[in-house]
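Subject: Structure handover

Hello,

Please find the structure below, with the sequence alongside. My notes on it come after.

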Amino acid sequence: MIRPHDRAMPPSDLMQAGKRLLATVLVLALFGGALWYATQEHQGQQLQRPEAQERGAVDSVTEMSGLVSVDLEPFFADVRVQKILRERKLPVRVTRVGSRDMAAQLAAAAMRGGGPAGGVADFYFPAGVLAANQIADEARKAGINATQTAPFNSPMVVASWQPIAAILVANGIARPSGERLYALNMERLVAAMLARKRWSELKAAEAFAVNRGVLVSTTDVRKSNSAVMYLALASHALLGEVVTDRASASAAAEKLAGLFKRQGYQENYVNGNFDDYLQIGMGKAPLAFIYEYQIVGHALNRSKAIQPDMVLMYPEPTIVNKFVLLATSARARAVQAELAGNPELQRIAVEYGLRVADPALFTAAVKPSGLGVQERISQVIDPPAYELMSEMVEVLTREMAK
């Protein structure tokens with residue numbers, strides 16, 4: 001006997017059963033895929049969450065405020081510098097301020113706030129120890145602890161041209177010290193300028209036999225730190241020593257006033273003198289007194305080639321201009337440590353022409369540019385005390401107004 005369930009299903013029923021089975025399999029597959037995708041997405045979010053949290057923590061750190069000289073503004077604007085400091089939870093926001101104005105701004109901020117924390121910047125980064133000492137004095141008066149470090153420096157140099165260098169060598173004012181590199185005797189140069197020597201009167205002057213006085217071009221001494229450094233070097237060459245009292249400061253300034261007055265109009269911004277050297281050339285600026293970092297930074301910028309007849313002269317003696325960072329907060333002191341010890345930040349500083357603690361790093365970076373630089377500066381003097389430099393500038397200001 002054949003039982004009912006042993007009978008074969010009709011073909012139509014088999015087809016319907018197969019369709020139901022296929023639909024069930026498809027639903028299960030779709031559900032499983034969605035479940036797998038959701039699981040993977042959740043795991044991915046879990047993996048990414050620590051990184052996102054860390055980034056948010058870095059971004060949430062309050063920016064420090066800093067006042068910096070125009071020389072240092074491009075360094076702090078560099079995206080690599082910003083990134084490194086953010087990663088170390090030390091983001092900074094800088095404002096460019098004249099080095100001579102920083103002390104007054106610190107004093108005013110402290111007075112408005114009624115104490116050390118009242119609107120005072122986290123750090124001050126001027127060009128030169130004179131401005132740094134003035135800032136430190138104002139900080140002491142306001143009861144603010146301002147620690148000082150000098151992570152970068154740049155010697156004062158004279159940018160010139162090969163024909164000019166040859167004339168100075170022939171007259172015993174300069175001597176070759178390397179390829180496209182010269183040592184400049186400041187005592188002899190100042191003596192020639194005070195004697196009102198003209199280029200056409202010097203020996204071997206055929207290449208620059210112009211009827212104009214031998215002068216070093218500078219920025220405006222009443223407004224520019226680099227011109228003040230030139231005044232300090234010229235006074236040392238005149239007296240044979242650093243100015244140490246008000247009487248000698250005034251007397252030296254009166255004698256040297258002509259070196260500034262006879263230049264005619266002088267630019268009052270840091271690159272004004274250097275721009276004349278680059279754009280107008282030997283006819284306008286046969287001898288341009290500048291910071292070394294200006295021409296080195298120019299040489300390291302691949303879009304700005306150094307011309308074959310450009311040379312660099314190092315005054316003997318010269319002044320090494322220090323960029324002094326004064327920190328008024330604990331986090332700013334951490335920035336001091338980073339600038340002094342972080343190799344990547346130091347390499348970036350060198351790209352802007354600044355010298356760091358390692359002289360080999362600096363010279364190795366400059367060598368491919370074709371510009372000759374002096375690896376170690378051996379003859380260095382300090383500028384006179386701030387009060388004496390101020391006295392000399394005041395005398396020059398009066399003399400130039402006559």
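Predicted model: local features only at pLDDT ≥ 70, side-chain atom pairs only at ≥ 80, totals over all residues.

The largest pocket holds about 620 Å³ of space. It is lined by 26 residues, and those closest to its centre are Tyr293, Gln294, Gly297, His298 and Tyr352. By class, the lining of the largest pocket has 14 nonpolar, seven polar and five charged residues.

Contact of α10 with α11

On the α10 side the contact is made by Phe274, Tyr277 and Leu278, and on the α11 side by Gln294, Ile295 and His298. Four of the residues in this contact are nonpolar and two are polar, with no charged residues.

The axes of helix α12 (residues 330-341) and α13 come within 6 Å of each other and cross at roughly 70°. That angle makes α12 roughly perpendicular to α13, because 65 to 115 degrees counts as such. From α12, the residues in this contact are Glu338, Leu339, Ala340 and Gly341; from α13, they are Pro343, Leu345 and Gln346. Sorted by class, the contact of α12 with α13 has four nonpolar, two polar and one charged residues.

With helix α14 (residues 359-366), the axis of α13 comes within 10 Å and the crossing is at roughly 45°. That makes α13 oblique to α14. The crossing of these two helices is right-handed. Here Gln346, Arg347 and Val350 of α13 meet Leu361, Phe362 and Ala365 of α14. The contact of α13 with α14 divides into four nonpolar residues, one polar and one charged. Gln346 is in both contacts of α13: it takes part in the one with α12 and in the one with α14.

Backbone details

Most peptide bonds are trans, and most residues other than glycine have a negative phi. Two places in the model depart from this.

A cis peptide bond joins glutamate 316 and proline 317, with omega at about -5°. Proline 317 lies in the loop between β8 (310-316) and β9 (320-327).

Lysine 89, a residue other than glycine, has a positive phi, near 60°. Lysine 89 is placed in the loop between α3 (79-87) and β2 (92-96).

That is the end of the notes.

Regards

Methods: Residues numbered from 1 in each chain as written. Heavy atoms only, no water. 1 Å grid on protein atoms, 1.4 Å probe; cavity = no way out; pocket = protein on both sides within 12 Å on 5 of 7 lines; lining within 4 Å. Points joined across faces, edges and corners; volume = space filled by probe spheres on them. Nonpolar A, V, L, I, M, F, W, Y, C, P; charged D, E, K, R; others polar. Contact = heavy atoms within 4.5 Å. Helix = DSSP H or I, 4+ residues; strand = E, 2+ residues; numbered from the N terminus. Axes fitted to C-alpha atoms, helices over the stretch in contact; angles between N-to-C directions. Parallel < 35°, antiparallel > 145°, perpendicular 65-115°, else oblique. Left-handed = near helix turned anticlockwise from the far one by under 90°.
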